[in-house]
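Student: Could you take me closely through the place where the ligand sits, and then show me how some of the helices pack?

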Amino acid sequence: MTRQKSSPTPHPPSQGNRDFRTRRSGQSPGDKNNSNQKNTPRGAPQIPVGSATAQPGILLKAGREKSLLRRHPWIFSGAIERVDGAPLSGDTLAVRDAAGNFLAWAAYNPDSQITARVWSFSETEKIDAEFFRGRIANALAARDELNLARNSNGMRLIHAESDGLPGLIVDQYGDVLVMQIGSAGAERWRDCCADMLQELCNPVCIYERSDSDSRALEGLELRNGVLRGTLPDNVEVVENGLRFRVDVAAGQKTGFYLDQRDNRALTGTLALDAEVLNCFCYTGGFSLYALRGGAKSVLSIDASEEAVRIAAANLANNGLDSSRAEWQCADVFQALRTLRDQNRKFDLIILDPPKFAPTAAFAEKAARGYKDINLLAFKLLRAGGLLFTYSCSGGISEDLFQKIVAGAALDAGVNAQIVHHLHASADHPVLLSFPEGAYLKGLVLRVAS
Ligand code: SAH
């Protein structure tokens, strides 16, 4: 893909996101005549309505401007005194404090607890096609400047709030871009963003994977299909010299877990002669790095048959020794117990489960899940063994995750040291004003010998 190097326009620093918790009406971009009364999901917030004839805008309650002054990009329904005019979902509105001072331009969504997401904190900035060109160009330029393409042709090009584009995710797999939309504002500007991406990146295909569960909860229709160009039969990412097939139409997320790139590479450097257990292996990312790193054996487990099938094919495509690999399609919670009962032992275990807690409300239940698998993993590790353990739950903080893992070690009766604190790769930046962007955290622990 020939990316046009356009100089980034000097927009003010922007926001970051991860968790698309909004709910809104199923309105198409540009479909301004749609009433936003239909499709309102149950439990939608009660937003006080102001004068219908006044200039559309959001007025905050007294004292509720503080997070915006810190440049956090979300406006929750509870902070709103009233919404004037008769705005539709996806409209850009001025947000003002109780005294009427301008705070931000934000995309409105009456059906979401996050009633508005900020596009810009600058009153003079116009939210139009040029705005999106600028933000997209900035995101692309940052990745170029950080030289992120040197090890992989797969990369997150746009990381939503953290790149100043709330609700917009764009992942690159070679010549193919996959777009995922999770906010009413991004939905409104979907075609404009696709045009800009086509112009700036010249991909053979832009594929839309706007079909995550959170979108359905939010009342947005699910969409999965080609937006521009033609989807090639085989989409592949080459990461640190390893080839992975990417199922952009039906795979998880946008097809691949780009965020674990650097952590997979680290695993490869520590796997020599190790007996490895890779739990939640998906299409074999950590497994292939471990095998290439000289692992004695790798047992990989995932509940998805299709993922395991692609994983085995990836192994073959990379010419790695399949006699050292074993694939199991199973529930990890159950499989770990079976391995424990069989008295199996490993030198290196990877736990990279799906998101147990999308928000803090799920934290307690998620904590039990994390403790369970980490405790079992500690019991399966030999003295001196390594545990790579991750959480991609927005609702579990780094601190809480470490406490959960500490509790698991204690209950398993092992002493362990943290030897690495891990996060998502640099193509998933985290805006300082938006700590929610730091969803992925990992620890590498060494069990005392
Ligand atoms: N480590 C992988 C990404 C893992 S994503 C990589 O680097 O590519 C999480 C995986 O967990 C998904 O593949 C999903 O199919 C799997 N999964 C979810 N629940 C599971 C369960 N209970 N048992 C086994 N696998 C599960």
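Tutor: In the model, a nitrogen atom of the ligand has a polar side-chain atom of Asp-331 at 2.7 Å, which is a polar contact, meaning a pair of N or O atoms within 3.5 Å. This is a predicted model, in which local features need pLDDT of at least 70 and side-chain atom pairs count only at pLDDT 80 or more, while totals for chains, interfaces and linings use all residues. Residues are numbered from 1 along each chain as its sequence is written, and side-chain values use heavy atoms, with hydrogens and water left out.

The backbone also takes part, for a polar backbone atom of Val-332 lies 2.9 Å from a nitrogen atom of the ligand, and an N or O atom in the side chain of Asp-302 is 2.6 Å from an oxygen atom of the ligand. On its own the ligand has 580 Å² of accessible area, of which the protein covers 90% (areas by the Shrake-Rupley method with a 1.4 Å probe). There are 16 residues around the ligand, and those that come nearest are Arg-264, Asp-302, Asp-331, Val-332 and Asp-352, where a residue is counted if one of its heavy atoms lies within 4 Å. Sorted by class, this shell holds 10 nonpolar, 2 polar and 4 charged residues, with Asp, Glu, Lys and Arg counted as charged, Ala, Val, Leu, Ile, Met, Phe, Trp, Tyr, Cys and Pro as nonpolar, and the others, Gly among them, as polar.

Now to the helices, which are DSSP runs (H or I) of at least four residues, numbered from the N terminus. Helix H9, residues 332-341, packs against helix H10, residues 363-380, at an angle of about 25° with their axes 10 Å apart, the axes being lines fitted to C-alpha atoms over the stretch in contact and the angles running from 0 to 180 degrees between N-to-C directions. H9 and H10 are therefore roughly parallel to each other, a term for angles under 35 degrees. Helix H6 (residues 261-269) and helix H7 (residues 285-292) pack at about 30°, with their axes 7 Å apart, so H6 and H7 are likewise roughly parallel to each other.

Methods. A polar contact is a pair of N or O atoms within 3.5 Å; within protein, one must be able to donate a hydrogen and the other to accept it, and residues adjacent in sequence count only if both atoms are side-chain atoms. Helices (H or I, at least four residues) and strands (E, at least two) are DSSP runs, numbered from the N terminus. Angles under 35 degrees count as roughly parallel, over 145 as roughly antiparallel, 65 to 115 as roughly perpendicular and the rest as oblique.
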